[in-house]
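Please keep the sequence and the 3D view at hand while reading.

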Amino acid sequence: MTPLNTRNNCRRRGASLAEGAIVLAAMLVFVFGSLECGLLAARHNALAEAARRTARAASVRGEGAGPAQLGPEMLELTADADHPLAEACRVVLPTMDPAEVHIRIEWPEGNGLDAPVTVSLNSTHTFCAPVLRQLGSVELYGNTSKAISR
């Protein structure tokens, strides 16, 4: 009777090992997916905040700002540029490479008082988790508009 019981225990251990491997794989996908979603949300929020800060910095550099004046020509640069508007957004982009964050600033109605300044930031998020790399990448955007105050 003992040899038969031992054989069943070995089979059960093998089945438990296989079931454990399946559950572990599923849990790892869930954990890595959750981490990626958190990083994606943090980067999206950082781009939105960076766009707001850049619009604020651009709104105080209208035609009344003297030599510090910017606009009305469209301005395109990256967050790693040596420019006051790039510096304004670079502070809130800790999880992103500033060279990969593209900034576009427009003054659609000129750069006079109360005219709008529109800021658009975009960056590409590439998935870090090996399981999710097959999904490719996601384009992230941050947009805002603010009236020029001086």
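At 26% relative accessibility, Glu49 counts as partly exposed (buried means under 20% relative accessible area, exposed over 50%, and partly exposed in between, with a 1.4 Å probe and protein chains only). The structure is a predicted model, in which local features need pLDDT of at least 70, side-chain atom pairs count only at pLDDT 80 or more, and totals for chains, interfaces and linings use all residues. Residues are numbered from 1 along each chain as its sequence is written, and side-chain values use heavy atoms, with hydrogens and water left out.

The side chain of Glu49 forms a salt bridge with that of Arg52 (2.9 Å, N to O); the term denotes a side-chain nitrogen of Lys or Arg within 4 Å of a carboxyl oxygen of Asp or Glu. Both residues lie in helix 1, 3 residues apart. Glu49 also meets Arg53 in a salt bridge (2.9 Å, N to O), and these two are 4 residues apart in helix 1, about one helical turn.

## A link between strands

Arg104 forms a salt bridge with Glu76, the closest N and O atoms being 3.8 Å apart. This pair links distant parts of the chain, with Arg104 in strand 2 and Glu76 in strand 1 (residues 75–78), 28 residues apart. Arg104 is partly exposed at 34% relative accessible area, whereas Glu76 is exposed at 52%.

## Overall arrangement

The protein has 2 helices and 4 strands, where helices (H or I, at least four residues) and strands (E, at least two) are DSSP runs numbered from the N terminus. Their order from the N terminus is α-β-α-β-β-β. Of the 150 residues, 31% are buried.

The mean pLDDT is 85, and 86% of residues reach 70 or more; pLDDT is the predictor's confidence in each residue, from 0 to 100.

## The nonpolar core

The largest nonpolar core has 27 residues, and those with the most contacts inside it are Leu93, Ile103, Ile105 and Leu121. Such a core is a set of buried Ala, Val, Leu, Ile, Met, Phe, Trp, Tyr and Cys residues joined through side-chain atoms within 4.5 Å. Helix 1 gives the largest share of this core, 7 residues.

Leu93 touches Ala46, Leu47, Ala50, Ala79 and Val101, not counting residues up to four places away in sequence; contact means heavy atoms within 4.5 Å.
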